[in-house]
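Subject: Model handover and notes on helix packing and the ligand site

Dear colleague,

Please find below the model that I promised to pass on to you.

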Amino acid sequence: MQTADLIIKNARELVTCSGGSNKPKIGEELKNLYIIENGWTAVVGNMIAAVGTEEEVKSKVEITDKTQIIDAAGKTVLPGLVDSHTHLAFGGSRENELELKLKGVPYLDILAQGGGILSTVRATRSASKEELKEASVKYLNQMLAQGTTTAEAKSGYGLTTEDEIKQLEVIKELNEEHPVDLVPTFLGAHAIPTEFKGGNEDRFVDIVVNEMMPAVKEKGLAEFCDVFCEKGVFDVHQSRKVLEKAKELGFKLKIHSDEIYPLGGTELAAELRATSADHLLVVTDEGIEKLAEAGVIGVLLPGTTFNLREDHYAPARKMIEKGAAIALATDFNPGSCPTNSMDIIMTIGCLYLRLVPAEVINAITINAAHAIDRAHLVGSIEEGKQADIVIFDAPNHQYLCYRFGTNLVEKVIKKGKLVIGGF
Ligand code: IZC
Ligand code: ZN
């Protein structure tokens, strides 16, 4: 019998989120968390070796005086949270847009005037790799302290080959050095840089496709390719060009689609068998059906809807009803969603997407892991998965969606090591 390195015992609710490692949870299954009351978890090395009642776990692993013990009595234990959509590595910040927003200036107007994403592009281009890294480490530390153990991270604030590579190299180094695991996405098609506006937009798309993308691929710096398909940014034709080339080069695909104007990006994601289509506030019924049919995950970002003061949230209930898989993420970025906290996303997801807590929790763990192709490794507390585990000072899982604005995370275990909190 294996000797356990770590035991987490007596969890009031051990929320395993199990049963969805092969396929994302859809429909009624999204409500099943497979909670074990008074649950025990055993860790050997960086992996989960046993999960169950005290008796079950003790029958599978040996507990010796070398085994470290965490008593989770009265607490709620979840798999490490997975933030499947972030723009983590950026220069500067955009608090100056807050008052513009209050005056009623729309997000896309700020961008069209050279602000928004383009102001972050200027700040990111002028930052050194070290400066970008220093800022990102701070954000990653905050994320880890709030229970996020795996996150996707996009480029898209460089918009030149050199600056996109700089951002992706920062993400690569952070992935090697920081406990939070990062999944890198190339988002060269995030905005039309000022120097290409007024007639040279297609020339920029050509550069993304023919110069940036092959360079990123050759250096092995990104696993996914994404595009911001939106009015005044990249239309469906341009988005298709980006994603078709990405697919040809072997990237997995993501798209920002149907956030403000319904252009058909979600249908494109279904056609190209993207891994996920993200935002979806104004997705059509046909778009939802196609997503469901193609098995593309809808990554919903309700923190962005909240922060942009939109009155219309993504139709999460309709998506679930039609059999589409959903995940929830922060969209952490300096403009449309400056939060990296899954805590507030859980509450907004519950109140404004009208998801029950169990649905929210599956959407930020196992389904989120599918949205970044990591469900074989993380997203649930099951034997053989990586030991990424969060202990909340909460009596049950509903409490996590009910409270907001206070970090209830007490301990975080990443790859079997206690990285937040003490014994
Ligand atoms: O910096 O505003 N929506 N991209 C698409 C963003 C938001 C990030 C930003
Ligand atoms: Zn985004």
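Helix α5 passes α6 in a right-handed crossing, where right-handed means that the near helix is turned clockwise from the far one by less than a right angle, and left-handed that it is turned anticlockwise. Helices here are DSSP runs of H or I with at least four residues, numbered from the N terminus. This is a predicted model, in which local features need pLDDT of at least 70 and side-chain atom pairs count only at pLDDT 80 or more, while totals for chains, interfaces and linings use all residues. Residues are numbered from 1 along each chain as its sequence is written, chains are lettered from A and ligands numbered from 1 in the order in which they are written, and side-chain values use heavy atoms, with hydrogens and water left out.

On the α5 side the contact (heavy atoms within 4.5 Å) includes Leu-132, Val-137 and Leu-140, and on the α6 side Val-170, Glu-173 and Leu-174 are among the residues involved.

Helix α6 (residues 161-177) also packs against α7, with axes that come within 9 Å and cross at roughly 30 degrees, and the two are therefore roughly parallel to each other. This crossing of α6 and α7 is right-handed, and in it Thr-161, Glu-164, Ile-165 and Leu-168 of α6 meet Glu-211, Met-212, Ala-215 and Val-216 of α7.

Helix α7 (residues 201-218) in turn meets α8 (residues 236-249), their axes coming within 10 Å and crossing at roughly 15 degrees, so that α7 and α8 are roughly parallel to each other. The crossing of α7 and α8 is right-handed, and the residues that meet include Val-205, Val-209 and Met-213 in α7 and Val-242, Ala-246 and Leu-249 in α8.

As for the ligand, the residues that surround ligand 1 (a heavy atom within 4 Å) include His-87, Ile-117, Tyr-157, Phe-228, His-256, Asn-333 and Ser-336. Its polar contacts (pairs of N or O atoms within 3.5 Å) include an oxygen atom of ligand 1 at 2.9 Å from an N or O atom in the side chain of Arg-94. An oxygen atom of ligand 1 is likewise 2.5 Å from a side-chain N or O atom of Tyr-107, and a nitrogen atom of ligand 1 is 2.7 Å from one in the side chain of His-190.

Key:
Axes fitted to C-alpha atoms, helices over the stretch in contact; angles between N-to-C directions. Parallel < 35°, antiparallel > 145°, perpendicular 65-115°, else oblique. Polar contact = N/O pair within 3.5 Å; in protein donor to acceptor, adjacent residues only side chain to side chain.
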